[in-house]
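Reader: I would like to go through the helices and cores of this model, one question at a time. Please show the sequence and structure first.
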Amino acid sequence: MRDLFKPKWRFAHIPSRHAAIFSIASAVLFTALPPAVPPAHAQPRLPTLGDGLELTAAAERKLGDRIIRELYRDPDYLEDAVLQEYVQGIFQPLLSAARARGEVAPDIDERFAWEILLGRDRSVNAFALPGGYFGLHLGLIGVVATPDELASVLAHELSHVTQRHISRLIAQQGKQTPLMIGALILGALAASKSPDAAQALMVGGQALAVQNQLNFSREMEREADRVGYGLMQPAGFAPQGFVAMFDKLQQANRLNDNGSWPYLRSHPLTTQRIADMQSRIAHGAAPAAPAPLQHALLAARARVLSRPGTDALRQWLAQPQDAGFAARGQRERAAAWYAAALSAVQLSDWQAARAAVRGLQDAVAGDANAARQARLLAAEVELAAGAPQAALKLLPESAGGASTHRPELLLRAQALVAGAGTAADRQALAGTLQTWVTARPRDAAAWQALAQLWRAQGQGLRALRAEAEAQVARQDYAAAVDRFKAGQDLARKSAGAADYIEASIIDTRLRAVESLLREQAAER
């Protein structure tokens, strides 16, 4: 089961009898909208189209966990702290607004993951999965012009989850178990790579019957649009982002039929839907604020990290040397310098990367958020070039100790593990990361960074536990059990030198994770 991110939404390459099942993994944007819903404090929340009580929140989360385990192993899954921080910074206000408006039921608020995974795919797409998991293609981040446009996509996807659409779709069928639905979804994910494998997983008439039930209905799409639109303003985003995204997709529908806009492949836009969206914007409403400079930089980052090919990287690297480049606007110049620097890193041209970073720093002078992104990129360049000490200097500690921003934490860890700084620096950052993962136990990258720091300090037992916790966070319980057992072996061999508290923690966690592994094996 490989390359799951990539084939999931390329309907042009999938037999029509299989394409419909993709709707459960790819919640489709934008259908006609009913009248706007007043804020929750003005009147009681309107009822949803169904309660989804047939599938409990716990069962839906378990189904989502089963699917997500495959996505964590997908070669297109991307762990990028910079983009994840930015996307989460847009998603969390939407989630908070949904909670404030009463859209998130207490049971799903507690049980669901509310986690976004990034995929290295150049197609323009996002999707919702059972259990509060979401996926976002880099292609989407790369084309949206403002945070408001990206927020409109995430608000729609979030509303599919808060309104229990996936649960209700699964509940509509009476014969298939949720785990069978999970197998059908995973079969669909592999379809374009191996149609025969997909056929084997989606068995004949059963798959054909279920795929029809898994299509999001027009009523569900309207509900997701209505609820998602209502989240925009309370979350601090301009509702015009929905309109702008509509226009972008409609333009693509006229000009593009190569499969790179999957939203349009199954639910084409209509003029009626666009008109309905536009009518929701109050007459005389203030125009949306210009996109921050930081957004242009991170859209450029998404385009480069989506693996566009060597030719595209060289083109972006050469762009700042084009005639008339200096006369372009600040946003365009800054994005071009960022893309050039990151492209140079991909091409292992450190001299060109450093030169592009200097151009970027000049272009973003005076904008604090954009300057921070330039500094983070400069640190990445130095780490890639084998200069960890130079990278560390670009990542100073805050007044209260190490920075508590995730990108800085992870980059500092890389620099310190690579030999920069002192033993005291490594010990201090390990303490900061330990506090971080205590509050965020599902942060696999932070656990892995902590493991590397502890190993660099000669604390092998702690390093093994952190490695195991990283595997738990990725839901690879078999690998986690292996690491915990390695920790037990090390503790026995160390005898008097062993950290008995750490050894006790390992024993307790091993029993808990072995129980999870048995549950996972029973699902198969």
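Author: A residue counts as buried under 20% relative accessible area, as exposed over 50%, and as partly exposed in between. The model is predicted.

Reader: Is Asp489 buried, exposed or partly exposed?
Author: Asp489 is found in helix H25. Its relative accessible area is 36%. Buried requires a value under 20% and exposed a value over 50%, so Asp489 is partly exposed.

Reader: What separation do the C-alpha atoms of Asp489 and Ala503 have?
Author: Along the chain, Asp489 and Ala503 are 14 residues apart.

Reader: Against which helices do the buried residues of H25 pack?
Author: H25 covers residues 477-494 and reaches 25 Å from its first C-alpha to its last, close to the 26 Å expected. Its buried residues include Tyr477, Val481, Phe484 and Ala491. They pack against H24 (460-473) and H26 (500-523).

Reader: Which residue follows H25, and what is its phi?
Author: H25 ends at residue 494. The residue that follows is Ala495, with a positive phi near 50°.

Reader: How are H22 and H23 oriented to each other?
Author: H22 (residues 423-439) and H23 (residues 444-456) have axes 9 Å apart and pack at an angle of about 150°. The contact involves, among others, Leu429, Leu433 and Trp436 of H22 and Trp447, Leu450 and Leu453 of H23. The crossing is left-handed. Angles over 145 degrees count as roughly antiparallel, so H22 and H23 are roughly antiparallel.

Reader: How are H23 and H24 oriented to each other?
Author: The axes of H23 and H24 lie 8 Å apart, at an angle of about 165°. That angle makes H23 roughly antiparallel to H24. Contacts come from residues including Trp447, Ala451 and Trp454 of H23 and Ala463, Ala466 and Ala470 of H24. H23 passes H24 in a crossing that is left-handed.

Reader: Which residues of the largest nonpolar core touch the most other members?
Author: Nonpolar side chains in soluble globular proteins tend to be buried together. Here the largest nonpolar core has 121 residues. The members touching the most others are Leu94, Trp114 and Leu136.

Reader: What does Trp114 touch, not counting residues up to four places away in sequence?
Author: The residues touched by Trp114 include Gln88, Arg99 and Asp109. Also among them are Phe91, Leu95, Val104, Ile108, Phe134, Leu158 and Val161.

Note on methods: Residues numbered from 1 in each chain as written. Predicted model: local features only at pLDDT ≥ 70, side-chain atom pairs only at ≥ 80, totals over all residues. Heavy atoms only, no water. Helix = DSSP H or I, 4+ residues; strand = E, 2+ residues; numbered from the N terminus. Expected span 1.5 Å × (residues − 1). Buried < 20%, exposed > 50% of the residue type's maximum accessible area, 1.4 Å probe, protein only. Contact = heavy atoms within 4.5 Å. Core = buried A, V, L, I, M, F, W, Y, C linked by side-chain atoms within 4.5 Å. Axes fitted to C-alpha atoms, helices over the stretch in contact; angles between N-to-C directions. Parallel < 35°, antiparallel > 145°, perpendicular 65-115°, else oblique. Left-handed = near helix turned anticlockwise from the far one by under 90°.
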